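Student: I would like a close look at one part of this model, and at what surrounds it. Please take me through it step by step.

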Amino acid sequence: MTETILSVRDLTVTFDTRRGPLTAIDRVSFDIGRGEILGVVGESGAGKSVTGSAVIGLIDRPGRISGGAIHLRGERIDTLSPEAMRRVRGRRIGMIFQDPLTSLDPLFRVGDQIVETLRAHTDLSVKAARTRAIDLLAEVGIPAPERRIDGYPHEFSGGMRQRVVIALALAAEPELIIADEPTTALDVSVQAQIITLLKRLCREHGTAVMLVTHDMGVIAEAADRVAVMYAGRVAEIGPVAAVVREPHHPYAVGLMGAIPTLSQEADRLSQIPGSMPRLTAIPKGCAFNPRCPKVFSRCRVERPEPILVGASRVACHLYDSDATRFPSPLRGGARGGGGADGTVTLDPAPPPPSIPPRKGEGRIAR
Ligand SMILES: Nc1ncnc2c1ncn2[C@@H]1O[C@H](COP(=O)(O)OP(=O)(O)O)[C@@H](O)[C@H]1O
Ligand code: SF4
Ligand SMILES: [Mg+2]
């Protein structure tokens, strides 16, 4: 990888509730390099947004970062004071959310908002900042930017508003952008334009991007690498080509089953029965075990740690050859095949072994 911009190590986020502490993010680790887009994907409730909020220092009570470390270009940021973190946001980390009105104030002209951001984070004069704001609006594809700069947010369409937000996020030349479902609220055709724009600008500016989405089409289109999250943990992380075309973790296999293009809609997760566990009921061992077609005895007792499999890191016991204690059912690859109709058929799970093998008898997993 090129220079590491964001490094997240063993990030753990806990919500203190009346029922006791609940772990929403559980030892999550990943890096994002300069100019790189890391897609973060997973079903609703997987922990994508909480991870993004932790990086930008916006975990509010009852939530708290209870473990791990976050470094931005080598500088630890998860321990900064709220005031210092406020300076990091906007200047060093830009944010793009699903609803552009989260970032834009409806009462102010869009140009004034960009100028204000530029003035807060750079040495530009008002005049120079206005010129720069027009350039930025042009760069994100707003037609007639010298006129539109004096428009109010409600005078822009949803797609154009999100372009303004991208201009705002890029204004201070941040090192990192956190984009949380940036296109989910937009028409499908506009989604593709916005993702293409984000990708191009981040390449040109060398900005690292954490692109949170539940949409595998967006990931396949935009990301360099992808992290698949499940129940607050990273199930698999690797180059997008590897994870999308050759996923290893059974959850990733199901998720990648039928990737639509940006112009299609599909029920992507229909192949995986069941749903994400509540924080109060995360299964012991592998959190995915009640839904996993490959589950075996070890999965119910021991949490899988990430293992390097090809170019990816996969948290699944199938890829661990510690078969002397627990036999792995993996034979001839854990992956399911894609059906002609685009559906995924996960290989049928072999019956769990009823008698644990004696030492030295276990099958080797690969
Ligand atoms: N303020 C909160 N209090 C308690 N639990 C929360 C809070 N915010 C998020 N969670 C829980 O954290 C988990 C991860 O949520 P989130 O990151 O929003 O999921 P995603 O963005 O992947 O859909 C969910 O189980 C959610 O219910
Ligand atoms: S095989 Fe076991 S460890 Fe791997 S995903 Fe399934 S339940 Fe989890
Ligand atoms: Mg979310």
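Tutor: Start at Pro-62, in the loop between helix 1 and strand 4 (63-72). Keep in mind that this is a predicted model. The peptide bond from Arg-61 to Pro-62 is cis, and its omega is near 15 degrees. Most peptide bonds are trans.

Now step back to helix 1. This helix covers residues 48-55 and gives three residues to the shell around ligand 1, the largest share. The shell holds 13 residues in total. Among the closest are Lys-48, Ser-49 and Val-50. Ala-24 and Ala-46 also belong to the closest group. By type, the shell has six nonpolar residues, six polar ones and one charged one.

Eight strands build it, in the order 6-7-8-3-9-10-12-11. The sheet is open, and its pairing is mixed. Strand 6 (93-96) and strand 11 (307-309) are the edges, each with pairing on one side only. On average, neighbouring strands are turned by 20 degrees against each other, with direction ignored.

Helix 1 packs on this sheet. Helix 1 touches strand 3 (37-41), strand 7 (176-180), strand 8 (208-212) and strand 9 (225-230). Between the directions of helix 1 and strand 8 the angle is about 150 degrees. Helix 7 (residues 158-170) packs on the sheet as well, and touches strand 6 and strand 7. Its direction makes about 170 degrees with that of strand 6.

Strand 11 and strand 12 (residues 312-314) run antiparallel, joined by three bridges. Across this pair, Ile-307 stands opposite Val-314.

Glu-181 lies in the loop between strand 7 and helix 8 (188-205). Phi of Glu-181 is positive, near 50 degrees, and this residue is not a glycine. Ala-231 lies in the loop between strand 9 and strand 10 (233-239). Phi of Ala-231 is also positive, near 50 degrees. Most residues other than glycine have a negative phi.

How buried are these two? Glu-181 has 19 C-beta neighbours inside 10 Å, so it counts as partly exposed. Ala-231 has 25 other C-beta atoms within 10 Å, so it counts as buried. The cut-off for buried is 20 or more.

Helix 7 brings us to the core. The largest nonpolar core has 98 residues. Helix 7 supplies eight of them, the largest share. Ala-167, Val-209, Met-210, Leu-211 and Val-228 touch the most other members. Take Ala-167 as the example. Leaving out residues up to four places away in sequence, Ala-167 touches Ile-114, Leu-136, Leu-137, Glu-139 and Val-140. In soluble globular proteins, nonpolar side chains tend to be buried together.

Last, the whole chain. The chain has 366 residues, and 43% of them are buried. Eleven helices and 14 strands are present. Among contacts with a separation of 6 or more, 66% join residues 24 or more positions apart.

Key. Residues numbered from 1 in each chain as written. Chains lettered and ligands numbered in written order. Predicted model: local features only at pLDDT ≥ 70, side-chain atom pairs only at ≥ 80, totals over all residues. Near = placed C-beta within 6 Å. Helix = DSSP H or I, 4+ residues; strand = E, 2+ residues; numbered from the N terminus. Nonpolar A, V, L, I, M, F, W, Y, C, P; charged D, E, K, R; others polar. Buried ≥ 20, exposed ≤ 12 C-beta atoms within 10 Å, placed from the backbone. Contact = placed C-beta atoms within 7 Å. Pairing = 2+ DSSP bridges. Axes fitted to C-alpha atoms, helices over the stretch in contact; angles between N-to-C directions. Core = buried A, V, L, I, M, F, W, Y, C linked by C-beta atoms within 7 Å.
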